[in-house]
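Please report on the spaces inside this protein and on its surface.

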Amino acid sequence: WFHIHDADGVCASSKSFHGAINMTVPVLRLRFPMPGVSCCIKKGRINMAQRPKATPLPLAKMFVISMVMLANTFGSLFVFPFLAFMVHDFFPELDKDQLGRKAGYLGSVYYLGNFVGSLIWGALSDAWGRRPVLLLGMAGSIVSILAFGFSQSFAWAIVTRLMWGLLNGNLGVAKTYVAEICDNSNQARGFIILQVVAASGRLMGAVVGGFLSQPADKYATFHSEFFCHFPYLLPCIVVVGFASFALLIACLFLDETLHLSKAYNQESTSS
């Protein structure tokens, strides 16, 4: 039998695990680890103390990387509300099955490029650093989205969507950045914030793509020859404007974190 006492030396089995515990228990029934409790067995006595509090999140850095993530998810999904209409404009003579197949090609080619691009940009982020890769990814997205908005043929739309994915590997790099600016005590909260931001970007993208595509047919303000000729340019301009703002914020305030990862790896190797 071990005796587990509080700071006053009192045994009380009715107390709960809020810090020190005060009861006498059989050794065989004592299980470790206990949630929120660290234990030390010394000379027949088990001392229990509360787990240290979580480190506060680096809010300024989280805000900057959240802007990068928001621009990324906002820009990647805004095309889907109008993708089928765009393909129909390119091929008005095709039936629904053929249109659906081509719309699938146009929608998925971005992720094909992103699959390859993520591997390349991930490796480059380990060599060049997180900051330049994130900035280049945002700049590549801005150019590709604007070029996509001026699409006048299916082939041009395919090429710009493919380049759009190839030039943007920010999703994985942004998650690595969050892992490096947080520690074990607050990393989960950091990733939760990043996921909420990503979900908000998807919602924003769907709304903007649905409401602002083909504006000449919907809103008298945009009834002009220019928007009749480029019916899907307006949502691209809105996304590019937001991404440009996020890029400016990142250029000014995004810190490099690659040295943190190298220091941690060296410490782990030496230990």
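Helix H1 gives the most to the lining of the largest cavity, with five residues. This is a predicted model.

The count comes to one cavity of 30 Å³ or more. The largest cavity has a volume of about 80 Å³. Its lining holds 14 residues. Ala71, Asn72, Met138, Ser141 and Asn168 lie nearest the centre of the largest cavity. Helix H1 (59-77), helix H4 (130-149) and helix H10 (233-253) each give two or more residues to this lining.

Now for the second largest pocket. H1 gives the most here too, with four residues. H3 and helix H6 (170-181) each supply at least two residues of this lining. Among the lining residues are Tyr110, Tyr111, Asn114 and Arg202. Asn72 lines the second largest pocket, and Asn72 is also one of the residues nearest the centre of the largest cavity. Asn168 likewise lines the pocket and lies among those nearest the cavity centre.

The table sets out the two linings.

| Space | Volume | Nonpolar residues | Polar residues | Charged residues |
|---|---|---|---|---|
| Largest cavity | about 80 Å³ | seven | seven | no charged |
| Second largest pocket | about 160 Å³ | four | seven | one |

Next, the surface. Phe115, Val116, Leu119 and Ile120 make a nonpolar patch of about 400 Å². Leu119 lies in helix H3 (residues 96-128). Is Leu119 buried or exposed? Leu119 is exposed, because its relative accessible area is 57% and the cut-off for exposed is over 50%.

Key
Residues are numbered from 1 along each chain as its sequence is written. This is a predicted model: local features need pLDDT of at least 70, side-chain atom pairs count only at pLDDT 80 or more; totals for chains, interfaces and linings use all residues. Side-chain values use heavy atoms; hydrogens and water are left out. Patches are made of residues with over 30% relative accessible area and no salt bridge: like charges are joined within 9 Å, nonpolar side chains (Val, Leu, Ile, Met, Phe, Trp, Tyr) within 5 Å. Accessible areas come from the Shrake-Rupley method with a 1.4 Å probe; for residues, only the protein chains shown count as cover. A salt bridge is a side-chain nitrogen of Lys or Arg within 4 Å of a carboxyl oxygen of Asp or Glu. Buried means under 20% relative accessible area, exposed over 50%, partly exposed in between (1.4 Å probe, protein chains only). On a 1 Å grid over the protein atoms alone, a cavity is a set of points where a 1.4 Å probe fits but cannot get out, and a pocket is an open set with protein on both sides within 12 Å along at least five of seven lines; lining residues have an atom within 4 Å of a point. Grid points are joined across faces, edges and corners, and a volume is the space filled by probe spheres set on the points. Ala, Val, Leu, Ile, Met, Phe, Trp, Tyr, Cys and Pro count as nonpolar, Asp, Glu, Lys and Arg as charged, and the others, Gly among them, as polar.
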